[in-house]
Amino acid sequence: HLTDQRGHASWCPNCRTGPDAPFPPKVVEGGRFGSRLTVLVASLKGVCHASCSTMRKFVRDIVGVTVSRGYLRALINKVSEALAPRCEELLHALPAQPAIQIDETGHQDNGDRFRTGSFKADL
C-alpha cells in the first residue's frame, strides 16, 4: 500500500505570494518511506548484501517508487543507528555465553572471503 503525500501550493492574487504547502510533521519526521518499506530496504542490505544500486532498481521496478542511492544510504544509516543499542547489548552479553553456534555459510565481506562457524566462547 503506497500513500502519496503532496503539498499543493497556490498563488494569492491579493498579496501576490505563493504560500508554502508543508507536509504534515508526522510525514517529515518519518521520512519518505514507511516502516514496512524501511524494513525491506534494511533487509535487502543486511540479509541479502545488496548494493545501493541493486536496491534502487528493486524498489523502482518491484515497489514502483523512484529513489536515489543517497536516500537509501541515509535510510540504512537511520536503521543502523536505531539498532546500535541492541547490538551493544548483544556484544556485551556474548562473552558470558558458554558456546556460540553460528551459521557456517561463507560469503564475501568487502571482497574478502569470510566464513563463520561454531566455536567456544573464549572471548
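## Close-up views of a predicted model

View 1. Residues are numbered from 1 along each chain as its sequence is written, and side-chain values use heavy atoms, with hydrogens and water left out. Cys52 is found in helix 3, where helices (H or I, at least four residues) and strands (E, at least two) are DSSP runs numbered from the N terminus. Leaving aside residues up to four places away in sequence, Cys52 touches Arg69, Leu72 and Arg73, a contact being heavy atoms within 4.5 Å. Although Cys52 and Val41 are 11 residues apart in sequence, their C-alpha atoms are 9.3 Å apart in space.

**View 2. The largest nonpolar core, with 13 residues.** The residues with the most contacts inside this core are Phe33, Val41, Met55, Val59, Val67 and Leu72. Helix 2 (35-46), helix 3 (52-63) and helix 4 (69-93) each supply at least two of its residues. A nonpolar core is a set of buried Ala, Val, Leu, Ile, Met, Phe, Trp, Tyr and Cys residues joined through side-chain atoms within 4.5 Å. Leu72 touches Phe33, Val41, Cys52, Met55, Arg56 and Val67, when residues up to four places away in sequence are not counted.

**View 3. The aromatic pair of the structure.** The structure holds 1 aromatic pair. This pair is formed by Phe33 and Tyr71, and it is edge-to-face, with 5.4 Å from centre to centre and 70 degrees between the planes. Because Phe33 lies in the loop between helix 1 (25-30) and helix 2, and Tyr71 lies in helix 4, the pair ties together parts that are 38 residues apart in sequence. Rings of Phe, Tyr and Trp (its six-membered ring) pair if their centres lie within 6.5 Å, and planes under 30 degrees apart count as stacked, over 60 as edge-to-face and the rest as tilted. Phe33 is buried, at 4% relative accessibility, whereas Tyr71 is partly exposed, at 23%.

**View 4. Thr38 in helix 2.** Thr38 counts as buried, since its relative accessibility is 13%. A polar atom of the Thr38 side chain lies 2.7 Å from the backbone oxygen of Gly34. Thr38 also touches Phe33, Leu75 and Val79, again not counting residues up to four places away in sequence.

**View 5. The 2 salt bridges of the structure.** A salt bridge is a side-chain nitrogen of Lys or Arg within 4 Å of a carboxyl oxygen of Asp or Glu. In one of them, Arg60 pairs with Asp61, and the closest N and O atoms are 2.8 Å apart; Arg60 is partly exposed, at 35%, and Asp61 is exposed, at 52%. Arg86 forms a salt bridge with Glu89, with the closest N and O atoms 3.3 Å apart. Arg86 and Glu89 both lie in helix 4, 3 residues apart, which is about one turn of the helix. Arg86 is exposed, at 58% relative accessibility, while Glu89 is partly exposed, at 47%.

Methods: Predicted model: local features only at pLDDT ≥ 70, side-chain atom pairs only at ≥ 80, totals over all residues. Buried < 20%, exposed > 50% of the residue type's maximum accessible area, 1.4 Å probe, protein only. Polar contact = N/O pair within 3.5 Å; in protein donor to acceptor, adjacent residues only side chain to side chain.
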